[in-house]
Structures are given as C-alpha cells and as structure tokens.
Amino acid sequence: ELLELGKGVPVLPRSSLGGFSSYNGGGMNGTSTMMDFLEEPLPGVGTYEDFNTIDWVREKSRDRDRHREITSRSKESTWALIHSVSDAFSGWLLMLLIGLLAGSLAGLIDISAHWMTDLKEGVCLAGFWFNHEHCCWKSNTTFTDRDKCPEWKSWSQLILGHGEGAFAYILNYFMYVVWALLFSLLAVLLVKGFAPYACGSGIPEIKTILSGFIIRGYLGKWTLIIKTITLVLAVSSGLSLGKEGPLVHVACCCGNILCHLFTKYRKNEAKRREVLSAAAAAGVSVAFGAPIGGVLFSLEEVSYYFPLKTLWRSFFAALVAAFTLRSINPFGNSRLVLFYVEFHMPWHLLELVPFILLGIFGGLWGAFFIRSNIAWCRRRKTTKLGKYPVLEVFVVTAITAILAFPNEYTRMSTSELISELFNDCGILDSSKLCEYVNDFNSTKGDDLPDRAAGPGVYTAMWQLALALIMKVFITIFTFGMKVPSGLFIPSMLAYYHHDWAIFSGWCSQGADCITPGLYAMVGAAACLGGVTRMTVSLVVIMFELTGGLEYIVPLMAAAMTSKWVADAIGREGIYDAHIRLNGYPFLEAKEEFSHKTLAMDVMRPRRNDPPLTVITQDSMTVEDVETIINETTYSGYPVVVSRESQRLVGFVLRRDLIISVENARKKQDGIVSTSIIYFTDHSPPLPPSSPSMLKLRSILDLSPFTVTDQTPMEIVVDIFRKLGLRQCLVTHNGKLLGIITKKDVLKHIAQLANQDPDSILFN
C-alpha cells in the first residue's frame with residue numbers, strides 16, 4: 001500500500017520500515033506531515049521494571065478499553081462472539097487450574113512431610129515410603145498398641161536388634177538429630193543456591209506485591225519448585241515453624257505462572273493481582289482446610305484490591321484446592337475439616353472469663369514475639385550473623401532437635417500435637433492426656449464422668465509446660481531464617497478441677513464441667529491472633545478447622561481480646577512488621593493519617609534542591625532526552641509546554657521512553673541525535689535539511705493525577721491508597737511545581753512516626 005504526501009511523493013510500504021513508517025515532508029509547500037512512530041505497540045512499552053510500583057489507574061483503564069473492544073467486536077461475527085465468551089470464562093478456568101495445582105502440591109507436601117518426619121525415628125519394613133501410622137494400618141496389634149507394630153522399626157531396633165536400654169535411646173537420639181540437621185542443611189543450601197526468594201513465610205512480600213509492587217522472580221517457577229521441596233525439608237527437620245504461610249506463597253506462585261496462559265492476565269498487572277488474591281485464598285484453604293476462611297484471610301490480611309467478582313472466584317479456587325488436597329492425600333483425614341472435634345458439653349457463660357484471659361495471654365505473647373523476632377532479625381541484618389545463614393540454620397536446628405527429642409510433645413509433628421490437644425478424651429484413647437482412673441460401673445457410652453487424673457496426666461502437664469516454653473523462645477529465632485518458615489499454630493491444654501468452689505454454680509454431680517479441648521482451641525486462636533492481628537478470618541478458620549460451630553462466641557471473645565491487648569502494645573502484626581523491616585513500599589490501608597501537613601511539604605524538589613527535571617513537548621532533541629535519562633534515575637518525567645511556562649501536558653515513563661527511542665534509532669529512517677521529539681498531535685514546518693522528527697505522543701499519559709500545593713496530605717495519602725497511585729504531580733494555578741511519589745509518602749509517614757525515613761529501600 002502506497003501513501004502520497006505533498007506533491008505526489010511516494011512513501012515506502014510500512015513493512016519495508018520494520019513495522020513503522022515515518023516521513024519528513026518538510027519543505028513541501030511549507031507543511032510537514034508526521035506519522036506516529038508507535039502506531040503499533042512495541043514489546044516492553046507499558047511494562048514495568050523490577051522494584052517499581054505499577055500504575056493501577058492505567059492498568060484498569062487498559063483493561064476497560066480491551067473489554068470494550070471485545071464487546072463491540074462480538075456483534076460482528078460468530079468467531080468474535082466465541083472469543084468474547086471464552087474471554088469471560090477464562091477467569092473461572094484459571095481459578096480451576098490454580099485450585100487443582102495448589103491442592104496437588106499441598107497434598108504432595110503433606111504426604112512427604114509426614115513420611116520424612118517419621119523417618120527421623122525409624123523406617124517401615126513393609127515399604128520404606130510408608131510413615132509410622134500408615135505402616136501399622138494392616139497390623140494385627142491391639143488398638144492400644146496400634147503405634148507399636150512389628151512392621152515399624154526404630155533405628156536402634158534396625159541397627160542393634162533391640163529398642164530397650166540406654167544405648168538404644170542414645171542411638172535413636174543421635175539419629176533424630178542427624179536427620180534433622182541433614183534436612184535443614186539441604187533446605188538452606190537449596191534456597192541459597194537456586195532460589196533466595198524461597199525463604200521465609202512469603203506473606204509480607206505477597207502483601208507488597210498485591211499492593212502493586214514488582215518483585216520479579218518472587219513468584220516464578222524456580223521459586224515454586226525450590227519452595228515446595230525445601231518446605232518439606234524444613235517442616236520435617238522439626239524446626240519450630242509451620243507450613244501455613246509458605247503454602248500461601250506456593251499457591252500464589254501457581255497463580256502467577258498459570259496467568260501466562262491467558263493474554264488478559266499476562267499483559268495486565270492489575271488483573272494479575274486479582275488472580276493472586278484468589279490464589280492466596282486457595283493457599284490458606286489448603287493450609288487449614290478452610291475455604292471460607294481462606295477468602296476472608298485474603299480479603300482481610302493480604303489483598304489490596306478485592307472486587308466482588310474476585311470474591312466469588314476466590315471461593316471457587318479455595319474450594320477446588322481443598323477438595324483436591326483431600327483427594328490427593330488418601331491417607332489424610334477423610335473429612336474436609338483438618339482437626340474435626342466432637343465436643344459434647346455446651347460452654348457456660350461464666351467461661352467467658354477464662355476465654356478472655358486466654359485472649360489477654362495471646363495478645364501479650366503476640367506482642368512479645370513480634371518485638372523479639374524483629375529485634376533478632378534486625379540484628380541478623382546489621383551484624384555478621386546475616387552473612388552465615390547456613391551456620392545459623394545448623395545451630396538453631398541442632399538446639400531444637402537436642403531439646404525436642406526427650407519430650408514427646410515437641411518431638412511429634414505440629415499437626416499431630418494439635419490434633420491430640422483439640423480432641424476430647426474417649427474410653428479407648430491411649431494418650432497420656434487421657435490417662436484417667438476408669439470407673440466402668442458409672443460409664444455410659446462415651447461419657448466419662450468425674451474420673452480422677454492418673455499419673456500420665458500430670459506427666460503430660462509438665463511436658464506440655466516445657467514444650468510451651470521451648471516453642472515460645474525457639475520460634476523467635478526460627479521465624480525469618482533462610483528456609484521456608486510459617487507460624488506454627490500454638491495450642492494450649494486445659495485441666496479442670498470439678499471440685500473447686502468456682503465451678504459449683506454450673507457443675508452438677510457426676511457430670512463434666514468444662515471441655516479441656518475447647519480451651520486448647522481458644523488458646524490457639526488467641527496466640528495466632530496476637531501475632532497476626534487477624535480477627536474475623538481467624539475465627540472462621542478455627543471454626544472450619546475444627547467444625548465447632550457452637551464455639552464461635554468463645555473464639556470471637558479470645559480473638560478480639562488478643563488483638564486489643566496486642567494493639568495496645570504495638571500496632572503492627574508480624575507480617576506488617578516484616579514489611580517495614582525489609583523496607584518494602586507498602587502503604588497500609590487500615591491506618592489513619594491525622595497530621596496537618598500539606599502537599600507542598602512533601603513534594604520534591606524541596607526548597608534548596610535543584611529544579612524539577614522535565615521534558616518539553618516539542619523542543620527537545622533525541623540527544624537531550626538521552627542525556628536526561630543517563631543523568632537521572634527517576635521512573636518517569638513530567639512533560640510541559642516549555643521550560644518558561646511550566647504548563648503541564650502529561651507524564652511519560654522512563655522505561656517507555658528508553659524503549660521507544662532505542663527502537664526508533666534502529667528501525668526508523670533518519671532518526672539521529674539532533675532529531676526533535678514531539679509529544680503533540682501536529683508538528684510545525686521544518687526546513688528541508690532538517691533530520692526526521694520523532695513523535696511519541698502515544699506513550700504520553702495525558703491525564704496524570706494532580707493536586708494543588710495546598711492539598712492536605714491526609715487527602716493525598718487517601719488518594720494514594722484508594723487509587724493505587726505511583727506518583728502525583730503538584731501544581732499551582734496550572735503551573736507544575738513538583739512531584740510526590742509513593743516512596744515520598746511512605747518516608748513522610750515514617751518521619752512523622754519518629755522512624756528512619758531511609759528505611760524505605762525501594763523506589
């Protein structure tokens with residue numbers, strides 16, 4: 001196709017110019033015509049560099065334009081209609097795939113972790129791939145000896161031929177510590193060598209990413225592979241950590257990778273974050289067996305933008321993930337809930353007092369844990385300790401294993417311990433916690449009224465007390481190491497005295513007064529709430545975790561008390577504290593800004609700073625723009641009419657400018673250093689000898705968000721939060737004065753809170 005400009009001068013076909021056409025008709029009747037260099041989009045234009053914040057407004061606008069175009073085309077042909085339907089259905093298909101993949105990986109992690117945890121104590125002769133419980137399923141032993149089957153051999157039985165005596169105990173002890181060290185060292189070496197982003201919980205970074213920050217590779221395929229493998233190793237090593245937070249990270253990796261299968265999610269960062277919000281819900285669902293709680297956790301704790309359609313899609317993904325987990329793990333609990341409890345006694349109104357006391361304890365524990373853990377992590381980052389992550393993991397694992405082995409409640413896996421503490425005692429229970437003196441004459445069915453405690457109960461009590469002390473202190477040093485680490489679910493056990501005077505008001509003769517397992521459940525919620533500051537989502541998760549619907553009020557009382565007490569000591573939960581520790585640019589939507597400062601107090605340039613770097617709309621050459629790019633590191637530049645007027649035209653991103661200029665030099669004829677760049681629709685007449693001009697109006701944001709210099713910062717902060725802005729331009733009577741970035745807002749908030757403003761590390 002040939003176009004003619006001026007007096008019949010032919011222009012080369014677009015294909016001969018590498019996909020772009022430009023022709024300088026300067027000097028022809030005193031007019032000039034200029035084709036837009038970016039009529040066809042360039043690869044990379046509209047994308048973001050690593051450690052930058054996305055432009056939510058632009059991303060949402062692009063998606064609306066894409067949706068309008070698909071809708072208008074759907075009326076033109078059957079194929080376009082099918083494309084429109086498939087585009088609408090692609091979100092649900094993506095949720096299905098995320099649920100299937102996240103549930104499958106969680107099942108694999110669960111099965112592998114159980115097997116490797118038991119491998120520290122022995123091996124199954126019937127098949128080395130069976131853990132202790134599965135190995136003894138087909139054994140003919142009695143119910144009380146179900147864990148002592150001939151098919152399962154401890155390491156002393158396998159090596160020495162017997163399991164009794166001091167030497168056998170020492171050998172089992174030694175093998176336990178060796179396996180723990182092997183698992184943890186393998187985990188930290190894999191993380192250090194292949195995927196540094198696979199360490200830690202992952203939730204602080206996911207919160208930051210969902211707020212619009214770019215951390216390339218954090219949700220990539222290598223991170224997913226290494227995180228899955230090392231999570232199994234870290235949990236199996238016996239370290240005081242859980243797999244709940246890392247499973248959220250694993251699910252978000254699944255969501256991010258699967259997004260690349262669908263164009264509308266691959267090319268739009270805002271749409272991708274909707275998917276990641278749903279993936280986070282699926283991660284919590286497989287971690288706790290709580291689909292509804294997973295959606296609420298994503299909404300309350302991690303998501304920054306959560307529209308209604310994301311709510312339903314999140315629930316669908318969480319449900320698919322939970323059912324997939326139960327299908328993948330045939331040896332697991334046959335019910336959907338993870339720790340199903342069957343409490344027969346109702347709770348009494350007076351019991352709200354101990355429930356609230358548990359909440360107070362949980363809040364105090366949460367505040368203590370956060371302060372101690374952050375202090376330790378800060379020390380790790382600022383001293384030589386941080387340079388030796390392998391040595392740190394080795395030392396902490398060795399101490400944990402040496403202290404854990406003598407105590408059966410620290411030696412067993414966290415999920416096994418929680419299950420034992422949550423469940424009420426029955427006649428056939430062989431646990432020490434259920435070792436009561438039996439009076440079978442007064443026993444009816446499963447009712448066990450007023451049995452005196454046997455010696456096993458008292459032994460279990462002091463063992464649990466020691467386990468609590470150990471867990472409290474060891475977890476402080478474990479959380480944040482260079483291995484996948486989530487917060488374990490702390491649990492408590494209650495032992496009741498039915499003959500105390502305080503219980504006389506509701507205890508009838510020969511009947512149970514309280515349910516000890518209920519106190520363990522409420523204590524777990526209180527401690528977890530004190531650390532994370534979760535409220536509604538925590539209560540729903542605990543309900544789904546146990547199936548105890550009638551105990552919603554005790555859980556609510558403990559969770560709210562825990563949050564109030566912890567907030568009175570420190571406002572930040574563990575995830576927010578780690579976000580601030582790492583200097584991530586996260587603007588908390590829940591906090592209020594009450595200071596009386598103005599936009600002019602925060603904007604740059606400040607009073608004695610150099611003038612603002614700007615680009616003029618029609619008077620700068622390619623060389624001028626390249627000089628600005630090379631001499632500055634800003635993410636974007638305001639475009640003004642002229643340096644004299646400073647009237648604002650728009651805003652151009654640094655990345656888009658670099659890509660456009662580089663491609664123009666390579667593919668557009670006549671573009672040299674002296675070529676003038678235009679951000680306008682029309683160009684003035686140029687002399688015949690002038691070089692070709694470059695028009696880049698299509699990469700210009702013509703509607704950048706602006707505020708006046710007298711706008712209160714309270715409003716500016718609200719605008720940044722609710723619109724997800726990356727920068728805001730400051731004007732006075734239409735004249736450009738300065739710019740406020742998200743980093744400037746965060747530094748200003750930190751300064752007002754008497755914190756180091758330079759702790760915000762990323763731009």
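Where does UniProt place the feature "transmembrane region"? The unreviewed entry puts it at residues 89-109, 173-198, 219-241, 247-263, 275-299, 349-368, 388-405 and 460-481. UniProt positions are in the numbering used here, feature names are shortened, and annotations may be inferred rather than shown by experiment.

**Ground rules**

I am working on a predicted model, where local features need pLDDT of at least 70 and side-chain atom pairs count only at pLDDT 80 or more, while totals for chains, interfaces and linings use all residues. Residues are numbered from 1 along each chain as its sequence is written, and side-chain values use heavy atoms, with hydrogens and water left out.

I looked up residues 219-241 and got 70% helix and 0% strand, with the end C-alpha atoms 21 Å apart. Helices (H or I, at least four residues) and strands (E, at least two) are DSSP runs, numbered from the N terminus. For residues 275-299 I noted 92% helix and 0% strand, with 13 Å between the end C-alpha atoms.

Next I checked helix α10 (residues 269-288) against helix α11 (residues 291-302): their axes come within 7 Å and cross at roughly 130°. Axes are lines fitted to C-alpha atoms, for helices over the stretch in contact, and angles run from 0 to 180 degrees between N-to-C directions. α10 and α11 are therefore oblique to each other. The scale for that word: under 35 degrees is roughly parallel, over 145 roughly antiparallel, 65 to 115 roughly perpendicular, and the rest oblique. The crossing of α10 and α11 is right-handed. On the α10 side I listed Ser277, Ala280, Ala281, Val284 and Ser285; on the α11 side, Pro291, Gly293, Gly294, Val295, Phe297, Ser298 and Val302. Contact here means heavy atoms within 4.5 Å.

I then followed α11 to helix α12 (residues 308-328), where the axes come within 8 Å and cross at roughly 135°. The crossing is right-handed. Pro291, Ile292 and Val295 in α11 meet Leu311, Ser314, Phe315, Ala318, Leu319 and Ala322 in α12. Ala, Val, Leu, Ile, Met, Phe, Trp, Tyr, Cys and Pro count as nonpolar, Asp, Glu, Lys and Arg as charged, and the others, Gly among them, as polar.

**α18 and α19**

Helix α18 (residues 516-532) packs with helix α19 (residues 536-546) at about 145°, axes 10 Å apart. From α18 I noted Met521, Ala524, Ala525, Leu528 and Gly529, which meet Leu538, Met542 and Thr546 in α19. The tally is six nonpolar, two polar and no charged residues.

**Sheets**

Which strands make up the open sheet of mixed pairing that I looked at next? They are three, in the order β11-β12-β13. Two strands pair if DSSP finds at least two bridges between them. β11 (706-708) and β13 (735-741) are the edges, each pairing on one side only. Neighbouring strands are turned by 35° against each other on average, direction ignored. β11 pairs with β12 (residues 727-732) in the parallel sense over three bridges, and I found Leu729 in β12 as the bridge partner of Thr706. Helix α25 (residues 713-723) lies across β11, β12 and β13, running at about 60° to β13.

Another open sheet has three strands in the order β6-β9-β10, with mixed pairing. Here β9 (residues 676-678) runs parallel to β10, joined by two bridges, and Ile677 has Leu694 of β10 as its bridge partner.

Notes. Left-handed = near helix turned anticlockwise from the far one by under 90°.
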